[in-house]
Amino acid sequence: MQRRAFLKKAGLGAVAGTAAVAAPAIAQSNPSINWKFTSTYNTATPALFSTAQLFCDMVKDVTDGQFNIRLYPAGELVPGFGVMDAVGNRTVECGQTASYYYYGKNPSFCFDTAVPWGLTVRQMNAWFREGNGLSLMRELFAPLGIINFPFGNTGAQMGGWYRKEINSVEDLKGLTMRTAGFAGEVMSRLGVIPQQLATGDIYPALEKGALDAVEFVGPVDDEKLGFNKVAKYYYYPGWWEGAAQVSLYVNDQAFAELPKAYQSAIEVCSRAASNHLVEYYDNYNPEALRRLIAGGAVLKSFPRAVLDACYEASNAVYKEFCDNDAGFKKIYDDYMGYRDNLVPWFRVGEGVFENYLGAVLAKQNR
């Protein structure tokens, strides 16, 4: 099996306790354990949901069928936005979600997913794995009884679907828009009326006119959900999500009760699943975008004046939260300091290269 071969190459020999322990030894030394795993997502978002299923399959494979995690889609065990509470109180042992959905509980959770004008996917990975990101987030989640694991990333997202063109900041005023996390707070400062809706509720609301605009993820998921059928203008960039990290939540007591080998399986398999999600979006987004445009979607960039206003509004919100919440400020200072340190290198190392190549290819394809 290719998946098992990959995991062994990735170092899962160590999961059994030594570099080379035969599969039967795992079964002999470790108990049979069954967990419940709930998700904010379902099959309507195949990239996200399949990542969770892949994780479950890999854990089962590397423990030789001894550690079984059953995945439940949103709403089957708990509501889609109930993952945090369900894992924290051990209704389920683990869950898949995006932490910025819990902005209302604490805005600091957004740093686990995405914040306006924040890190890109590679920068986010570096902050978590090599910087202070993981330790800061583990500290944030500890009082909830949750251990969080990075669980993939969508990469940079789109700015969403709009029924009318956005030519100025004035055009944002009065728009009812589905968005999540920090984006809603910032957009509200510019006159937008933000709404946070579960995946299955978004299209009907847009179709019926209860929403004027929707931002979700990007071409792959947007095409699947059919937003292009009821909104014509497709804007970029999603400045509130230069990258959006998905998280695996694990109940801390349930995790502590696991044999060390199973704990290691969760760690390594979550990393492998993370890679899968990034690769899925990078592979399928380009063709999905081409199909959307061929089907009539009008691709447009937000005007510079709109982006400038959004940047200023974002910084104003950040200042308010930092002034009133020392915990938020601690994470913000580390996160944004890391961003500011990395951006000049990315601009030199990749930015000019990609901008030049993009311009050349665009000219060739005219």
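Leaving aside neighbours within four places in sequence, which residues is Phe-328 in contact with? Select Phe-328 and take a look: Pro-107, Ser-108, Phe-111, Phe-182, Tyr-318, Phe-321 and Cys-322 are the ones in contact (heavy atoms within 4.5 Å).

A quick note before moving on. This is a predicted model, where local features need pLDDT of at least 70 and side-chain atom pairs count only at pLDDT 80 or more, while totals for chains, interfaces and linings use all residues. Residues are numbered from 1 along each chain as its sequence is written, and side-chain values use heavy atoms, leaving out hydrogens and water.

Stay on Phe-328, which lies in helix α13 (helices are DSSP runs of H or I, at least four residues, and strands are E runs of at least two, numbered from the N terminus). Phe-328 counts as buried because its relative accessibility is 1% (buried means under 20% relative accessible area, with a 1.4 Å probe and protein chains only).

Next, select α7 (residues 182-189) and α12 (residues 304-324), which pack at about 115 degrees with axes 9 Å apart. That angle makes the pair roughly perpendicular (65 to 115 degrees). Show the side chains: Phe-182, Glu-185, Val-186 and Arg-189 of α7 meet α12 residues including Cys-310, Ala-313 and Val-317.

Last stop: α5 (residues 121-129), where Val-121, Gln-123, Met-124, Trp-127 and Phe-128 are buried. They sit on the same side of α5, because they cover an arc of only 160 degrees around the axis. Among the elements covering them are α6 (133-141), β4 (146-153) and α13 (326-364).

Technical notes: Axes are lines fitted to C-alpha atoms, for helices over the stretch in contact, and angles run from 0 to 180 degrees between N-to-C directions. Angles under 35 degrees count as roughly parallel, over 145 as roughly antiparallel, 65 to 115 as roughly perpendicular and the rest as oblique. Buried means under 20% relative accessible area, exposed over 50%, partly exposed in between (1.4 Å probe, protein chains only). The arc is that of the directions from the helix axis to the C-beta atoms.
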